[in-house]
Amino acid sequence: MATLKDGDKAPKFTAKDQNGNTVSLADFKGKTVILYFYPKDDTPGCTAEACSFRDNYQSLLSKGFQVIGVSTDDEKSHKKFETKYSLPFPLIADEDKSIVEAYGVWAEKNMYGKKYMGTVRTTFIINGEGVISHVINKVDTQNSSQQVLDLV
């Protein structure tokens, strides 16, 4: 698992969002991207994180940020999640795990002594030149958007 850090070039990606639209990191050249990886649609922590970005979306946009969520759930799952919580940003369906692997967030996890592979909740701030300016490894799901705003 590659560990990306501040100053690294962000891995490029192209994938479908919850509406079947193709989304690429290259689409956001010149903009600052909040690329957040989360384990699963419609679970308590992931919902809190997504709703934090939703509730502060206009503030983030006004500061020049674009928000993109990524999980290994499929488009249909993302669409239900987006609709249920009125999420205003793209949710990337990374079913083949190519993006989570490229960003080094697909790793072994341990819950109640059971080991399994899954997405490690991580947020990357990527500048307009495609360089990672910040990596948030300890995401506060209730205040994820404020964590980003506190960095700038």
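Reply: Two strands pair if DSSP finds at least two bridges between them. Helices (H or I, at least four residues) and strands (E, at least two) are DSSP runs numbered from the N terminus. This is a predicted model, in which local features need pLDDT of at least 70 and side-chain atom pairs count only at pLDDT 80 or more, while totals for chains, interfaces and linings use all residues. Residues are numbered from 1 along each chain as its sequence is written, and side-chain values use heavy atoms, with hydrogens and water left out.

Me: In which sense do strand S6 and strand S7 pair?
Reply: Strand S6 covers residues 106-111 and strand S7 covers residues 114-119. Six bridges join S6 and S7. The sense of the pairing is antiparallel.

Me: Which residue in S7 is the bridge partner of tryptophan 106?
Reply: S6 runs over residues 106-111 and S7 over residues 114-119. In S7, the bridge partner of tryptophan 106 is threonine 119.

Me: Which residue in the hairpin of S6 and S7 takes a positive phi?
Reply: The hairpin has two residues between the strands. The phi in question is near 55 degrees, and the residue that takes it is tyrosine 112.

Me: Is threonine 119 buried or exposed?
Reply: Threonine 119 is found in strand S7. Buried means under 20% relative accessible area, exposed over 50%, and partly exposed in between (1.4 Å probe, protein chains only). The relative accessibility of threonine 119 is 2%, so this residue counts as buried.

Me: What separates the C-alpha atoms of threonine 119 and alanine 107?
Reply: Threonine 119 and alanine 107 are twelve residues apart along the chain. Their C-alpha atoms are separated by 6.4 Å.

Me: How many salt bridges does the structure hold?
Reply: A salt bridge is a side-chain nitrogen of Lys or Arg within 4 Å of a carboxyl oxygen of Asp or Glu. One of them joins the side chains of aspartate 73 and lysine 40 at 3.3 Å, N to O. For the structure, the number of salt bridges is six.

Me: How many residues apart are aspartate 73 and lysine 40?
Reply: Their side chains meet in a salt bridge. The pair links distant parts of the chain, with aspartate 73 in the loop between strand S4 (65-71) and helix H3 (75-85) and lysine 40 in the loop between S3 and helix H1 (44-55). Aspartate 73 is buried at 9%, whereas lysine 40 is partly exposed at 44%.

Me: With which residue does glutamate 49 form a salt bridge?
Reply: The closest N and O atoms of this salt bridge are 2.7 Å apart. Both residues of the pair are buried. The partner of glutamate 49 is arginine 121.

Me: Why are glutamate 82 and lysine 79 separated by about one helical turn?
Reply: The side chains of glutamate 82 and lysine 79 meet in a salt bridge at 2.8 Å, N to O. Glutamate 82 is buried at 13%, and lysine 79 is partly exposed at 33%. The separation is about one helical turn because both lie in helix H3, apart by three residues.

Me: What is the relative accessible area of threonine 32?
Reply: Threonine 32 lies in strand S3, residues 32-37. Threonine 32 is partly exposed, and its relative accessible area is 24%.
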